[in-house]
2 protein chains.
Amino acid sequence: MQPRPPLTIWPLHGIPEITAGTDLVDVISQAAGGGLADGDILVVTSKIVSKAEGRFVVADDREDAITAETVRVVASRTLPTGSTTRIVQNRLGIVSAAAGVDASNTPDGTVLLLPEDPDASARTIATGLRERLGVEVGVIVSDTLGRAWREGQTDHAIGAGGVHVFEDLRGGTDAEGRPLVVTMPCVADELAAAADLVKGKAARLPVAVVRGRADLVGSLELPGARSIVRALERDMFRLGADEAYAEGFAAGQAADVGRAP
Amino acid sequence: MQPRPPLTIWPLHGIPEITAGTDLVDVISQAAGGGLADGDILVVTSKIVSKAEGRFVVADDREDAITAETVRVVASRTLPTGSTTRIVQNRLGIVSAAAGVDASNTPDGTVLLLPEDPDASARTIATGLRERLGVEVGVIVSDTLGRAWREGQTDHAIGAGGVHVFEDLRGGTDAEGRPLVVTMPCVADELAAAADLVKGKAARLPVAVVRGRADLVGSLELPGARSIVRALERDMFRLGADEAYAEGFAAGQAADVGRAP
């Protein structure tokens, strides 16, 4: 294996406030100022994609908006403070704490939904940048998600265009020549996480460029981030433990009805 | 907020095969060759820490070793192929697919366990490098973990020394001045994920250096990666859905015994 070059990650400065209809290809091209090269991967915060796509909805209550975006409730818990945390699956298949409904940095009385189709958004931006700048770049649309079993959040890929989301090593071998049977690094999530280290939540730095993994950039027909979502039938955590216990309890009671005590 | 400098991540070449008793501070110092600076963060693959600590155990059957390392079975599923996937919590609190038991790149008939105390290992390496080289570096010990709801694996922090594992923004405000109430980026996991992009599973590149987030490097007394593990009472996914359902079903049947049909 050849030595890998260093990876360099930097934020694009000078991205203006994004409003409905802003041409992100235009804005990113100008902010990059000719500084992009073949093989660069742009990690774009979903919030600006949503804003450009006009995904604001009027909502007095963020909770109502979350309910509207929810396909399936995975788990919920009411905290001692009285507020309820809901882990839900949204129409994109993504499991998260608020269905991607964002009420920070939005005008009062509105919330921002996730992009309609983040994979399509990523492909559109990648296509536009490739045509405009003549460089073969990949694009990831990122969102901040919590995790099971671990505190805090990390950025993940919810859209991808022109970039491999997995580095498939399943056919490969380790340094001893034995097959690497189960390893399939989700490089798209790793790229999103890496980019978050330079973007910063509190600043307006919604786009970062990752240079040094040109091997991951490819056809615009590559599978998108939708392929990261685990199918329900393969998912051992499709319900929270309390919710699954309650379902089982009810079924156990019903199954026992009519049985001799 | 000041513009962030670019982040640069590179692998250390020339790390030799690690065996029980290898001095990792020595090996890393030599491979770095004077190229480390204050504020650098080293991400060290747990495998070489385990090897240096002699965490090999003789095991004809990897499954037996997983059982021995398991504190609590979270979920298990037998695949159509007949093999069983077990999601378990190990003595470090980490939930993963095989309790961190590694049978790749190990001598036949042996498996490699996780470091005894990865936070202590990280602190020891950070202390040694700071003393040896006179530079204030942080150290993360990383492992490859699967995730609920998402396919593939990403690298995570299982040990940390001299580096903040969370960037606590809970007291901060967004660009509109509203409080950022729930955001606590797990930067240690993001650093581990970023480093995996240059390390590569199939090569012997077990150490990467991240430069550009010196603000995250600090006291050797900072909380370790153990603080990332969510406490069981806060964990909505402490059991797999099938396992919780089965527990509920049994309880429902038992509760119904003696009730009039």
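Which residue of β1(B) does Ile9(A) stand opposite? The answer is Leu7(B), and the pair belongs to a place where strand β1 (residues 7-11) of chain A is joined to β1(B) by three bridges, the two strands running antiparallel. Strands here are DSSP E runs of at least two residues and helices are H or I runs of at least four, both numbered from the N terminus, and two strands count as paired if DSSP finds at least two bridges between them.

This is a predicted model, in which local features need pLDDT of at least 70 and side-chain atom pairs count only at pLDDT 80 or more, while totals for chains, interfaces and linings use all residues. Residues are numbered from 1 along each chain as its sequence is written, chains are lettered from A and ligands numbered from 1 in the order in which they are written, and side-chain values use heavy atoms, with hydrogens and water left out.

The contact between the chains (heavy atoms within 4.5 Å) takes 92 residues from chain A and 92 residues from chain B. About 8,200 Å² is buried between them, with carbon and sulfur atoms giving 56% of that area; buried area is the accessible area, taken with a 1.4 Å probe, that two parts lose on being put together, summed over both. Between chain B and chain A there are 10 salt bridges, each being a side-chain nitrogen of Lys or Arg within 4 Å of a carboxyl oxygen of Asp or Glu. In one of these salt bridges Asp242(A) meets Arg238(B), the closest N and O atoms being 2.5 Å apart. On the side of chain B that touches chain A, β1 (7-11), β4 (70-78), β5 (84-90), β9 (153-161), α5 (187-199) and α6 (241-256) of chain B each supply at least two residues, and the largest share, 12 residues, comes from α6(B).

Within chain A, three strands form an open antiparallel sheet in the order β4-β5-β6, and its edge strands, each pairing on one side only, are β4 (70-78) and β6 (95-96). Seven bridges pair β4(A) with β5 (residues 84-90) of chain A in the antiparallel sense, and Val73(A) stands opposite Val88(A) in β5(A).

Side-chain pairs also link separate parts of chain A. Over all chains the count is 33 salt bridges, among them one in which Lys47(A) and Asp102(A) meet at 2.7 Å, N to O. Lys47(A) lies in helix α2 (residues 46-52) and Asp102(A) in the loop between β6 and β7 (110-112) of chain A, so this pair ties together parts that are 55 residues apart in sequence.

The structure also holds four aromatic pairs over all chains, where rings of Phe, Tyr and Trp (its six-membered ring) pair if their centres lie within 6.5 Å, and planes under 30 degrees apart count as stacked, over 60 as edge-to-face and the rest as tilted. The rings of Trp149(A) and Phe237(A) have centres 4.9 Å apart and planes at 80°, so this pair is edge-to-face.
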